[in-house]
Amino acid sequence: MKLRNVVTVDAAREVDAVSMRQSVFIVDDDPSIRTSLSRLLREHGFAATLFESANALRDHGHFDEAICIVLDINLDGVSGIDLRRKLAETGVEVPVIYITGTDSAANRTAAIASGCVAYLAKPFSAQSLIESVTRASAAA
């Protein structure tokens, strides 16, 4: 009987954790990119939380609220790929969509190896971002 109650409580917590995922976290050092991605996501029914740096994202925390993280690979001296790895090492398992203005085979390979939902080279289509976020949302 107690075991059944524990399972029920854990299941309720899991449902609560999933329902708390309400926002797409966008991390890019370019304010115009953050603003345009936020507008696009809102037009498609997603809320967005914006971060100008890796430190701003880490300081914010609340990763349980994120549907996914849209993460620039080149963040003002910090690698988005390294940030993803460091987050994973601390137990943060939020899906990541990489965006980059410096597409290369090395970046693609490193991004995929670090684990990501999508890798989008700028300029990318609105549809490719929305499809990636929708896929991440469905998996959350």
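Let's start at Ile69: setting aside neighbours within four places in sequence, Ile69 is in contact (heavy atoms within 4.5 Å) with Phe25, Val27, Leu57, Phe63, Leu87, Val94, Pro95, Val96 and Ile97. Keep in mind that this is a predicted model, where local features need pLDDT of at least 70 and side-chain atom pairs count only at pLDDT 80 or more, while totals for chains, interfaces and linings use all residues. Residues are numbered from 1 along each chain as its sequence is written, and side-chain values use heavy atoms, with hydrogens and water left out.

Ile69 also belongs to the largest nonpolar core, a set of 20 residues in which Leu57, Phe63, Ile69, Leu71 and Tyr98 touch the most other members. Such a core is made of buried Ala, Val, Leu, Ile, Met, Phe, Trp, Tyr and Cys residues joined through side-chain atoms within 4.5 Å. Buried means under 20% relative accessible area, exposed over 50%, and partly exposed in between (1.4 Å probe, protein chains only). Two or more residues each come from strand E1 (23-27), H3, strand E3 (66-72), helix H4 (80-89) and strand E6 (96-100). There's a second, separate core too, with 17 residues including Leu37, Phe46, Ile130 and Ala136.

Now look at helix H3 (residues 54-60), where you'll find Ala56. Ala56 counts as partly exposed because its relative accessibility is 25%.

Zooming out, the protein has 6 helices and 7 strands; helices (H or I, at least four residues) and strands (E, at least two) are DSSP runs, numbered from the N terminus. Of its 140 residues, 36% count as buried.
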